[in-house]
Amino acid sequence: MIFLLTGSVGFAQQKAQPYVSKVWVADNGDGTYKNPVINADYSDPDAIRVGDDFYLIASSFDAVPGLPILHSKDLVNCSIIGHALLRQPPFDHFSVTQHGNGVWAPAIRYHNNEFYIYYPDPDYGIYLTKAKNILGPWSDPVLVEEGKGLIDPCPLWDDNGNVYLVHALAGSRAGIKSIILVKKLNAAGDKVIDNGVLVYDGHENDPTIEGPKIYKRNGWYYIFAPAGGVPTGWQLVFRSKNIYGPYERKVVMDQGKSATNGPHQGAWVNTQSGEDWFLHFQDKGAYGRVIHLQPMKWVNDWPVIGIDKANTGKGEPVLFYKKPNVGKTYPVETSAESDEFNTTTLGLQWQWQTNPKPFWSFLTGSSLRLYSYQIDSTKNYWEVPNILMQKFPAEEFSATAKLNFMPRLEGEKTGLMIMGADYAYLSLVKKADGIYLQYTTCTQADKGKPETEQELEKMGIKQLSIKAISDAVIKIRTSKLPDPAVIGNAGSFFKNPEITEQHFLQLQNNFANIPHYHAANQRVKVPAGWLIEQCGWKGKKINDVGVHAMQALVLVNFGGAKGEEIFQLAMKIIQSVQEKFSITLTPEVNIF
């Protein structure tokens, strides 16, 4: 996970047209695709088709918002469109970190013009949330069955009018695992009404069988279920003419000679043209569980998933294949990764580590404002709640953040982190004598191990935060961005439509020989050489200086100056402009 610490942050700009990742695109552009079709951690997927639209959901554990919903028109190009859980119940329980707990393998179905999502919380039971529209609003979750260890539910509305629920058990809570149960639901589908029937015990042949999905086809009841463990397991299918069995068993896909380990647990979907496909995950350790798409066909009323070169009835996964036939071609699209934070809502890729407090963050319309939050003594960030994260988009990528840091207290920090049980981050840290750039690592954070800090550089700015703007603001850029054009662009953020040529003339009378007034953006441009002469800064290298007429905003780019020298030059600017304009300035120094 990439995550942000406190500060004001912006990422690369999002476009209005469908977002296309720069690091992973499954659509090869020639009528074929490559796996994984979603190269991000969407564990335990389930999917359905409604009309021409495919929807996929996944486990979210303790991440909030939870139960992500992805949309696709062709099973290859997809994007995240929402979440079914804006806050996770019980609310107090999930106000602190609950790693590995929360939402486990869910199921989504469409029945009577409503979307149903059943999801398990292994500590509380099986929940149901519903919506008329896939984008919500989603109903408050209700407990369909309360109890520890009830996991991986999936409903079936039978053509005989009965409603059933299939699920598994978690040994860590129930004390028993590797079994599949079928229970009856009431007509509304929101309450289990019997004790159920054990339809399969996998202890002998299929240890850790779980994640069942139930379907009906040609009079047969089918239960698709993974077994053998997450990294190395196989995909099973059971069939019976009776919902309660007995069921026949068949392995329909395993790794075989492919490079895809543990290809299992997912969803059968079909296209408008009658093709069958299977979506499943592949476990990649700390990276997460990514989503693969496999061709599927029916042979003698058994599904064969992947490619069955030997005609054994058991397939193995493909890495490249022709795209599904959905009747037309759709644009390339991926889930958003970058975020400019220039709207009033967070991008859908972002999740907190717990139910968030309302004051942790605010969107201003041009940036994301994160506030520091007092936490109890902790050795590392593993249990810290106010962490904002998104999933890795690929195994190799770069991340860039632009931020303002205005700390009030020693120890406050802001930065960019790769988060996990082992993690690392770069941060700016407020200390008594200034701001420092640090590189921090932590190994076995989940076991309470402390961080290791490496101090890289003192930033050299003594005064990083003084209260809000009064009559003027000083903004200083370090030599990291020496292009004078950057300064001009920065000035455009401070345009004031009330500035007129008359104001400029009045200013010119008070501040003799100002050479340039830009009516288009109501700014006064002051050449560096002129200001050097006026302020007595001969010998100092200053690329460009702009003065905002109404607020006396001075934008400065120092080429080659660093640290203490920048701070001293800033103070000179403040003093000089105060004297020339006879106004009081309130400095605010930002590092870019």
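**Close-up 1. What lines the second largest cavity.** The lining of the second largest cavity splits into 11 nonpolar residues, 2 polar ones and no charged ones. Keep in mind that this is a predicted model. In total, 13 residues line this space, and L56, S72, L75, C78 and L279 sit nearest its centre. The cavity holds about 100 Å³ of space.

**Close-up 2. Strands around the second largest cavity.** Here we look at the strands. β5 (53-57) and β6 each give at least two residues to the lining of the second largest cavity.

**Close-up 3. The centre of the largest cavity.** Now for the largest cavity, with about 340 Å³ of space inside. Its lining is made up of 29 residues. Look for I38, A40, Y42, S335 and E337, which lie nearest the centre of the largest cavity.

Close-up 4. Sort the lining of the largest cavity by residue type and you get 16 nonpolar, 9 polar and 4 charged residues.

**Close-up 5. Strands around the largest cavity.** Two strands to pick out are β6 (66-72) and β7 (78-85), each supplying at least two residues of the largest cavity's lining. β7 provides the largest share, with 3 residues.

**Close-up 6. Counting the cavities.** Stepping back, how many cavities of 30 Å³ or more are there? The count comes to 4.

Technical notes: Residues numbered from 1 in each chain as written. Predicted model: local features only at pLDDT ≥ 70, side-chain atom pairs only at ≥ 80, totals over all residues. Heavy atoms only, no water. 1 Å grid on protein atoms, 1.4 Å probe; cavity = no way out; pocket = protein on both sides within 12 Å on 5 of 7 lines; lining within 4 Å. Points joined across faces, edges and corners; volume = space filled by probe spheres on them. Helix = DSSP H or I, 4+ residues; strand = E, 2+ residues; numbered from the N terminus. Nonpolar A, V, L, I, M, F, W, Y, C, P; charged D, E, K, R; others polar.
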